[in-house]
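Colleague: Could you take me through how some helices and aromatic rings are arranged here, one step at a time?

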Amino acid sequence: MDKINIKEFDWSKLRKCQNQGSLSTVYIQDDICIKILDKLYPSEREQILDKFLAMNGIKIDGVVFPKDLIVQDGNLLGYTMDYFQDSTSLNDYFTATRFVNCKDIFNAVIKASEILREIHKYDIKVQDLSFENILINNQGEVKYIDIDSCQYQNYESYFLSNILHKYMFDYRKQEFCNMTKNTDRLSFLLAFYNLMYLKELQNISDKKYNQLSNHISTLNNIKRLANHLKDKNKRIPSIPYMDDLINRDDDYTIKRNNCSLLIKRLARKI
């Protein structure tokens, strides 16, 4: 991982990426993606720099790591990474049409879950884990991005996925959330439910849940876990990896409601 000066870029040749981070600006040049951390405090960028240097040399299939660190006067301004061509988020990919087969969703989710297992082997907690930060292309390849938001060893992170924040703090009214591998798996499960039902788990009624679980055994098999998580008086249990929960034989075409799809897309633009 080399350090390069921000002045080395010809900004006239860069184009902004269609999908932007909430605390950064992302550009594309050929097969390189350039992420400028322009909405972070200097202390936050300094911690990310130290974390990246500590993670230098780690390679995980399915994870987009920094290639070069962009610095100016010794301060981290951003980084470059390989551009995952013709890809979009799992959420966008599987809500682009009204009809989607659960087998296609599950194949992608299994791949993403297996990558998460590998990430955890390196003592990395993704932390900002959502299906917006996991990309897929038309060939079915899956990759994690925004690794700057992860927690590694003693290097903490300022980031938390929106779906986990809503569940832990808005729904369960917790004042503190200790980030662990289990909270990563919880975030993943919450993101999975959100993709399947276009609703957050805590807002899925029993009637709505059964509309799909009556046809998809995976959802039926984990209904007890869903009910446990919806009970705010119960402690959060140990969450399995999703690839252990999915029934590979499930094969059912989900018919989305057009209104739900529209609400989902509008919500991502807010």
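What follows is a short exchange on a helix pair and some ring pairs.

Modeller: This is a predicted model, in which local features need pLDDT of at least 70 and side-chain atom pairs count only at pLDDT 80 or more, while totals for chains, interfaces and linings use all residues. Residues are numbered from 1 along each chain as its sequence is written, and side-chain values use heavy atoms, with hydrogens and water left out.

Colleague: How is helix 3 oriented relative to helix 5: roughly parallel or roughly antiparallel?

Modeller: Helix 3 (residues 102–121) and helix 5 (residues 181–197), both being DSSP runs of H or I with at least four residues, have axes 12 Å apart. Those axes, lines fitted to C-alpha atoms over the stretch in contact, with angles running from 0 to 180 degrees between N-to-C directions, form an angle of about 170 degrees. Since angles under 35 degrees count as roughly parallel and those over 145 as roughly antiparallel, helix 3 is, relative to helix 5, roughly antiparallel.

Colleague: Of which kind is the pair formed by the rings of Y197 and Y209?

Modeller: Rings of Phe, Tyr and Trp (its six-membered ring) pair if their centres lie within 6.5 Å, and planes under 30 degrees apart count as stacked, over 60 as edge-to-face and the rest as tilted. The centres of the Y197 and Y209 rings are 5.4 Å apart and their planes are at 25 degrees, so the pair is stacked.

Colleague: Which residues do ring pairs link into a cluster?

Modeller: A search of the whole structure finds 9 aromatic pairs. The cluster that ring pairs link together consists of F106, F192, Y193, Y197 and Y209.

Definitions and conventions. Helices (H or I, at least four residues) and strands (E, at least two) are DSSP runs, numbered from the N terminus. Angles under 35 degrees count as roughly parallel, over 145 as roughly antiparallel, 65 to 115 as roughly perpendicular and the rest as oblique.
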